[in-house]
Amino acid sequence: MNNDELKELIQRCAEQDRSAQEQLFKLFYGKMMGVCMRYTKDRDRAQEVVQESFIKIFEKLGDFDFKGSFEGWVRRIMVNASIDAIRKRNRQPFSTDEEYVFNDRSSVQEHDFDEDITKIKAEYAMEAIQELSPAYRTVFNLFVIENYSHKEIAEILDINEGTSKSNLAKAKQNLRKILSEKFINIDNER
């Protein structure tokens, strides 16, 4: 769909055209489901977040000024709704929860995380990310996938920058451990 067609579709949605809203929903559902799945562990919860977000999107279409990317605008709503969903389920979801910290550092190899992650199939990476605590998973997603700075993450999650940096470091450490265990299990299955 080109920009003119998308703009026309958005305008029809703003006029409450139900068929246009359905078309827009179908157009972005897959990508936005992927975004929400990165933040929520549960597929049903991710679907709820996507649906709730589309209700917000249809209500706020008049606020979109066509100056930036519409997909970026939709993505930001999805990310914020996912974070809100985590907040609703947990009283302090973004503070460090020590029960999720792996203290066995001897099995964690100290090579560059980015180099390791590129060698892994996407499905294993997504599974491993889902196993992180909400605090670690959210900071990891915002920093690595959504490209937010630690300052922006701190503002969004109402934590300090140091906590954001610490949660990212611990998320990477935990991902290394989870992924090394997954690969050991995969090798044993052969």
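Glu48 and Arg45 are joined by a salt bridge, a term used here for a side-chain nitrogen of Lys or Arg within 4 Å of a carboxyl oxygen of Asp or Glu, and the closest N and O atoms of this pair lie 2.4 Å apart. The two residues are 3 residues apart in helix 3, which covers residues 43-60, so about one helical turn separates them. Helices (H or I, at least four residues) and strands (E, at least two) are DSSP runs, numbered from the N terminus. This is a predicted model, in which local features need pLDDT of at least 70 and side-chain atom pairs count only at pLDDT 80 or more, while totals for chains, interfaces and linings use all residues. Residues are numbered from 1 along each chain as its sequence is written, and side-chain values use heavy atoms, with hydrogens and water left out.

The surroundings of this pair can be described by accessibility, where buried means under 20% relative accessible area, exposed means over 50%, and partly exposed lies in between (1.4 Å probe, protein chains only). Arg45, with a relative accessibility of 12%, counts as buried, whereas Glu48 is partly exposed, its relative accessible area being 37%. Arg45 also forms a salt bridge with Glu52, and here the closest N and O atoms are 4.0 Å apart. Glu52 is partly exposed, with a relative accessible area of 37%.

A further salt bridge links Glu181 with Lys177, whose closest N and O atoms are 2.9 Å apart. These two residues belong to helix 9 (residues 161-189), and because they are 4 residues apart there, they are separated by about one helical turn. Lys177 counts as buried at 12% relative accessibility, while Glu181, at 34%, counts as partly exposed. Elsewhere, salt bridges that share partners bring Lys31, Arg38, Glu71, Arg75 and Glu146 together into one network. By the rule given above, the count of salt bridges comes to 10.

Turning to the whole protein chain, its secondary structure comes to 9 helices and 0 strands, and along the sequence this reads as the pattern α-α-α-α-α-α-α-α-α. The protein chain has 190 residues, of which buried residues make up 41%. If contact is taken to mean heavy atoms within 4.5 Å, then among contacts between residues at least 6 apart in sequence, 69% join residues at least 24 apart. Finally, with accessible areas taken from the Shrake-Rupley method with a 1.4 Å probe, where for residues only the protein chains shown count as cover, the protein chain exposes about 11200 Å², and carbon and sulfur atoms supply 45% of that area.
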